[in-house]
Amino acid sequence: MKEIRKKKILKIKSNLISICCLIVIFVLHPTYLIAQDNLKGLETELSRLADLSGGKMGIGVIHLETDQRLYVNNNERYPLASTYKVPIAVQLLKRVEKGELNLNDMIVVQPKDQHPGSGILSNLFVAPGVQLSLRNQLELMMILSDNSATDICLNAAGGAKKVKSMLKKNKIRDMSIDRSTISLIGDWLGLKLEGGATSNKEFMEKYNSLPKEVVMEASEKFGKDLRDTATPQAMAELLQMIWSKKILKKESSELLVDIMSRCQTGEGRLKGLLPQGTYVAHKTGTIGATTNDVGIIRLPQNKGNVVVVAFVKDSDLSIPERERAIAHVARSIHDYFLFQ
C-alpha cells in the first residue's frame, strides 16, 4: 500500500515537472526566442546602415508593446545636443506635478535670456519685457528647439543638477545633463557666451573673429567631453518611461508626447523615409559633427509603437547625408516590426 502511494506521489511530481517544462518552452520558444533570434538579423542590418553616417552611430530600439529591444554601438557615450531637452522637459513637468510651478505661469523674457541658435526667441531679438507662459516656453523648446526658451525652461526646472538627480532617481544610467545651451555652444566653439544678450549677429561677429586653430581645438575637446552625453540605451529607456507613464503622471506624459509629435525640426531624419502620415513623436539635436533624432514611431495595422534612438557623432559627412543614414535606420526598424 505504501509502495503504491509512493509511486503515485512520484508520478504527480513527475507530471508537475513536465508541466513546468512545457510552460517554459511555451513562453520562451515559439515567441520570445524566435523574436530575439530575428532581432539578430535586424541588428546586423542596423550595423550596416550605421556605417552610412560617416562617423559612429549609436542606435537604441524598444518595441513598447512586446519589450523586444536591441542596441547598436551602445558601449560609447554620444553628445546629446538638443535631444537633452527631453529630460529637461521631464524635470520641468515633474515640478508642475508637485505644484511648484504652473504651466500658465508667465515668464518675462529678459535681455540676458537671449541666446544664439535655432527657434523664434533665438532668431528674433524680442523687446525686453515680453511675457510668455511656461507652456509656451516648453513648446518653443521642444517643437522649434529654441535655445533661449531652453535655458528659461532649464532654470524653471531647477537647473542641470535637478535634472541629473531626477534621472538618477529613476535609474536612467549613462545620461548626464550638465550645462545650459549657451555654455554648451560656447564650449563647442571656444567662445565665452555667458551673461548679457547675444543676438545671432553678435554671435557670428564673435565667432568669425576667432582664430581657426582655437575653433578646431575647442571642437576636438568638445568631442571628448562626457558632459551632456548619453548612451542610446539611456535615452531609449527614458522615452519608454515617458510613454508608459512611469516617470510622469498620465496628463503630463500625454502632453509631452503630444508636443513631441509636433516637432518641426529634422524632417529628413526619423521621418525621412517613413510612409507619409506616420505618427512620430520625436526630438532632434545637431551640433558640429553630431546629428541626432530620438522618438517614438507608431506602426500601422495595430502593430504597436517603437522607440528609436539614433545618435551620430564624429561624422565627416554633410548634415543631409547623416540625416539620410538616420532615415534608413528608422525605415528598417519600422518595416521589421510591421512585417514580422
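Predicted model: local features only at pLDDT ≥ 70, side-chain atom pairs only at ≥ 80, totals over all residues.
Five strands form an open sheet. Their order is β2-β1-β9-β8-β7, and the pairing is antiparallel. The edges are β2, residues 69-72, and β7, residues 280-287. Each of these two strands pairs on one side only. On average, neighbouring strands of the sheet are turned by 5° against each other, direction ignored.

Strand β1 spans residues 56-63. Four bridges join β1 to β2 in the antiparallel sense. Within that strand pair, R69 in β2 is the bridge partner of I62.

## A helix across the sheet

Helix α10 covers residues 232-243. The helix lies across β1, β2, β8 and β9. Here β8 is residues 290-298 and β9 is residues 305-313. Relative to β9, α10 runs at about 150°.

## The α2 and α4 pair

Two packed helices are described by the angle between their axes and the distance between the axes. Helix α2 (residues 85-97) packs with helix α4 (residues 134-143) at about 165°. Their axes are 10 Å apart. The cut-off for roughly antiparallel is an angle over 145 degrees, and α2 and α4 are therefore roughly antiparallel to each other. The crossing of α2 past α4 is left-handed.

From α2, the contact draws on K85, V86, I88, A89, L92 and L93. From α4, L134, L138, M141 and M142 meet them. By class, the contact residues are nine nonpolar, no polar and one charged.

How values were computed. Residues numbered from 1 in each chain as written. Heavy atoms only, no water. Pairing = 2+ DSSP bridges. Axes fitted to C-alpha atoms, helices over the stretch in contact; angles between N-to-C directions. Contact = heavy atoms within 4.5 Å. Parallel < 35°, antiparallel > 145°, perpendicular 65-115°, else oblique. Left-handed = near helix turned anticlockwise from the far one by under 90°. Nonpolar A, V, L, I, M, F, W, Y, C, P; charged D, E, K, R; others polar.
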